[in-house]
Amino acid sequence: MDRSPDGLRRIWIGLIGLALAFALLVTAYVQWRQYELLDGTTQFQSDALGWSFFQLETEHLRLRNELQRALNDKPGVNTPELQLRYDVFVSRVGLVDHERAAHVMDAQGVYAPTMARVRGFVRRADRYLGETPQTPLNAAGLRELLAELDTLSVPLHDLSLGASHLLYEQVTQRNDAVRLQSKRGIALTVFQCVLLLVFAFVVLRQFRALVQRRDRLETLAERLSAARLEAESASRAKSVFLANMSHEIRTPFHGMLGMMSLLQETSLSAQQSGYVHTAKESANHLLAILNDILDISKLESGNLQVVPEPVALARLVREVDALMRVQAQGKGLALHVSMDTDVPRWVHADATRLKQILFNLLSNAVKFTPAGHVHLKVEASLKAPDKVLFSVIDTGIGMDAATQARVFQRFVQGDETASRRHGGAGLGLEISRSLARLMGGDITLHSVPGEGSTFRLELPLAGLAAPAHAGAGTVPADLAAARRLKVLVAEDHPVNRAYLEAVLDKLGHTAVFAENGEEAVRAVQEQDFDIVLMDLHMPVMDGFAAARAIRALPLPRGAMPIVALTADAFQDSQELACQAGMDEMMTKPAHLPQLRDLLARYGGRASGAAAVEHAAPGESGGDIVDRATVEQFHASLSPHKYALLLTSFFEAHAGTMGMLRDAAAAGDRHAVRDQVHALKGAALSLGLRAVVEHSELLRRASADANGTALGPLLDTLERQLLITRDLCQSLGWLPAVAPGRTVG
């Protein structure tokens, strides 16, 4: 039995309900009995038997008197008065001589013989006084009838008195029964009222308990929601911490690896070369672990996204084969790569992430295969024609069922014994499966201990037609568009203007510059341009308002292509730019190939550079500078021009830190946000990654409504500016600063 408060409450409600039902049934029975008694009383009272017997006795006396008068006055004459009295007497006999009267008077023993004598008198009197008299009435007949009536006087009188007493007793009994039933009905009504009150009390308590339970559930839901938010916040904070720590640790590692690479180029003894090689391999191994941690943090925070693009699948497989074959041959393993003919040549996929998954799977296969071979097999899926199946098959140590069940979990090793011979952090397979699922596929495993393992990666890769530029030859990097374009650049930062001026001049285009949105609108009203490169965040009038103003101009100027060129690449900014009428968005830093392709699209012909396959800059979030951007500057402009741009940047921002500190001290967070956004945009263009990252942190803090302290962030940003300047000087990218000059 349920002994909980809710269970007991339900039992009480059930018992009270049963009691109410029983009381209602009893009340119905009492009401029925009361109706029956009242109906019986009404029936007996309507008969008026007592009065009928009294009338019979009275008519008997009247008939006797009339017979006596007829005998005295006119013997032998049937007078009308005598006939009338006789007829009335006979009618009174009919009122008491019936079955109901016999039932009521059953207790009176005199009733039956008396009524028999009365009926006998009526039969004899009918010969003289009936409807069809048989014998004329004479004096002898009168004396005979009178004598017989005299014998009926006493029985009729006794019968009248007995009927009156009997009916009185019956009515009294019925009235007493009715009163008793009424009392019972009142008692039941009171009992019902008490039960209803108790029921109402229990229901009220139940309702109050339900309200309290609802309040508790709402409170619990709020706490759970708050706990979920706290957990998500903690997860994001942890991911940010891991990402920051990974960046901070990777910075010296890149320097260390670079120095070791340079050291390897010097004259070293065999022993020294072995030491350097071991140190470099250890550093690369630790750097790979840090990269895995960074990927895990991105996956947890939801910041890792796949970027599908047309990919030559056969070429991608060849690149994977070329890189992994050296590792396999180093262990004396055979690496086989096969690709079925029905696999599409071109697919829509994220080549970087697909390579990462295949590298992880093949690296594990090589690691856990002491002898034999590793086979990468690419085939079309039999289950779905638009899916491609990548199978990595090895003849290694294999895994039992327990290991297979947890091998995709974080920090789990295929060999977890204390003397395990294989390194690794146990993150590669979890990252690979997460990436596969992020791309709409999955990884499955089949393994037999001692025989080997098979990892199957199934991805939805629909076949594509080969792009138009797929077979084109290499085009010189300085190939310009088909015609010279007149480009309006709306940019408030002088370093960015100088950079864009150099790039556009190298591409053979004419550039006109505006320092804010208002100047850009005025320039469009006064001149004709082929395209507008619009920064989003500018003084006086921002890029959104300027784009709307240009779109409001009469055609053809109102339909001029507008491309957002900004360091702000958030989704809401992209949506606002689209709503303002901009055609597309390009994120800073805008490298020369990107600008060349963009201007070629709006210049009337396809860009020749589109045929040139160039690797995008690798993500080096921990570097102080983005070396890929610097190398791009050196290749597209010249080291001398890049040095001039760096000099201009540090000179232009010589007083930036002072202005930022003044604005922060005055509480003008809007001014801090605008100034640091300009600093971030210029640093992005020049590849000064550390300055960009810490500028973004300061920009977010200045936009925080909770009033995050800006002082520590300003100190960190100033320190990064000094470190970046010193690094550029040590690398020879920036001339030495004159003594006494500072960045802040």
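How many bridges join S2 to strand S4 (residues 373-380)? Six bridges join the two, and the strands run parallel. The model is a predicted one, in which local features need pLDDT of at least 70 and side-chain atom pairs count only at pLDDT 80 or more, while totals for chains, interfaces and linings use all residues. Residues are numbered from 1 along each chain as its sequence is written, and side-chain values use heavy atoms, with hydrogens and water left out.

The secondary structure of the chain comes to 22 helices and 13 strands. Both are DSSP runs numbered from the N terminus: helices are H or I with at least four residues, strands are E with at least two. Of the 744 residues in the chain, 41% are buried. Buried means under 20% relative accessible area, exposed means over 50%, and partly exposed lies in between, with a 1.4 Å probe and protein chains only. Contact means heavy atoms within 4.5 Å. Among contacts between residues at least 6 apart in sequence, 72% join residues at least 24 apart.

S2 and S4 belong to an open sheet of five strands. The order is S2-S4-S5-S7-S6, and the pairing is mixed. Two strands pair if DSSP finds at least two bridges between them. Strands of a sheet pair through backbone hydrogen bonds, either parallel or antiparallel. Strand S2 (334-339) and strand S6 (442-448) stand at the edges. Each has a single partner strand, so one side of each is left without a neighbour in the sheet. Neighbouring strands are turned by 10 degrees against each other on average, direction ignored. Methionine 339 stands opposite valine 378 in S4. Helix H8 (residues 313-330) packs on the sheet and touches S2, S4 and strand S5 (387-394). The direction of H8 makes about 175 degrees with that of S2. Axes are lines fitted to C-alpha atoms, for helices over the stretch in contact, and angles run from 0 to 180 degrees between N-to-C directions.

Two helix pairs were examined next. The axes of helix H20 (residues 669-686) and helix H21 (residues 689-702) come within 9 Å and cross at roughly 160 degrees. That makes H20 roughly antiparallel to H21. Angles under 35 degrees count as roughly parallel, over 145 as roughly antiparallel, 65 to 115 as roughly perpendicular and the rest as oblique. H20 passes H21 in a left-handed crossing. A crossing is left-handed if the near helix is turned anticlockwise from the far one by less than a right angle, and right-handed if clockwise. The contact includes Arg669, Val672 and Leu679 in H20, and Val691, Glu696 and Leu698 in H21. By class, this contact has nine nonpolar, three polar and five charged residues. Ala, Val, Leu, Ile, Met, Phe, Trp, Tyr, Cys and Pro count as nonpolar, Asp, Glu, Lys and Arg as charged, and the others, Gly among them, as polar.

Helix H12 (residues 494-506) and helix H16 (residues 592-602) pack at about 60 degrees, with their axes 10 Å apart. That makes H12 oblique to H16. H12 passes H16 in a right-handed crossing. Tyr499, Leu500, Val503, Leu504 and Lys506 in H12 meet Leu592, Leu595 and Leu599 in H16. These residues divide into seven nonpolar, no polar and one charged. Eight of the eleven residues of H16 are buried, so H16 is largely enclosed by the rest of the structure. Among them are Arg596 and Asp597.
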